[in-house]
Amino acid sequence: MDKIAKDVGDIQSRLLDHRPVINAEIRYFVREFEEKRGHRESRLLENLNKIVTETNEQMLPTDLEGMLSNVFTRLDAANHMAERVQQRELEAQQSTQLQGSMERLKEEWAEFLKEQQRLKEEVDEEHAKAVGKLSTTYNEKKKDLTKFSPL
């Protein structure tokens, strides 16, 4: 009976107790995962190290004064270009204002000429009336003179 209990216990542990199998599977999975991930991470770290090294070589100049002088030169050039752009904008604005003033002066001149023409016509009309009146008065005086003259 002892043997039967042992066999039953052995059968029961094999059927119901899966811990040894699960532990072995977990160890296998962890070992495979770490091995595959470890290679991937080492490649990633190597690539990052390469990129950092290249960036350091390209970005960090050995001569700080040379770099600053280059920055100041570029900054001066940018300032000069900005001043030129501002000057052009100012000239364009002044040109626009000048054109506006010229247009306004042309309109005022045209109005002035129209007014002068109107005044000239009024003066001509008044002159014609005055000449007409004088002619009429002169003719009347001439008639009066001829009446009184002894011819």
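Student: What's the relative accessible area of Arg118?
Tutor: Arg118 comes out at 36%, so it's partly exposed (buried is under 20% relative accessible area, exposed is over 50%, and partly exposed is in between, with a 1.4 Å probe and protein chains only). This is a predicted model, where local features need pLDDT of at least 70, side-chain atom pairs count only at pLDDT 80 or more, and totals for chains, interfaces and linings use all residues. Residues are numbered from 1 along each chain as its sequence is written, and side-chain values use heavy atoms, with hydrogens and water left out.

Student: Which salt bridges does Arg118 make?
Tutor: One is with Glu115, closest N and O atoms 2.3 Å apart; another is with Glu122, also at 2.3 Å. Here a salt bridge is a side-chain nitrogen of Lys or Arg within 4 Å of a carboxyl oxygen of Asp or Glu. Glu115, Arg118 and Glu122 are linked in a network.

Student: Where do they sit?
Tutor: In helix H3, residues 64-148. Glu115 is 3 residues from Arg118, and Glu122 is 4 residues from Arg118, each about one turn of the helix. Glu115 is partly exposed at 33%, and Glu122 at 36%.

Student: What about Glu125 and Lys129?
Tutor: They form a salt bridge too, at 3.7 Å between the closest N and O atoms. They're 4 residues apart in H3, so about one helical turn separates them. Lys129 is exposed, at 52%.

Student: How many salt bridges in the structure?
Tutor: 5.

Student: And the fold: how many helices and strands?
Tutor: 3 helices and 0 strands (DSSP runs numbered from the N terminus: helices are H or I, at least four residues; strands are E, at least two). Buried residues make up 0% of the chain's 151.
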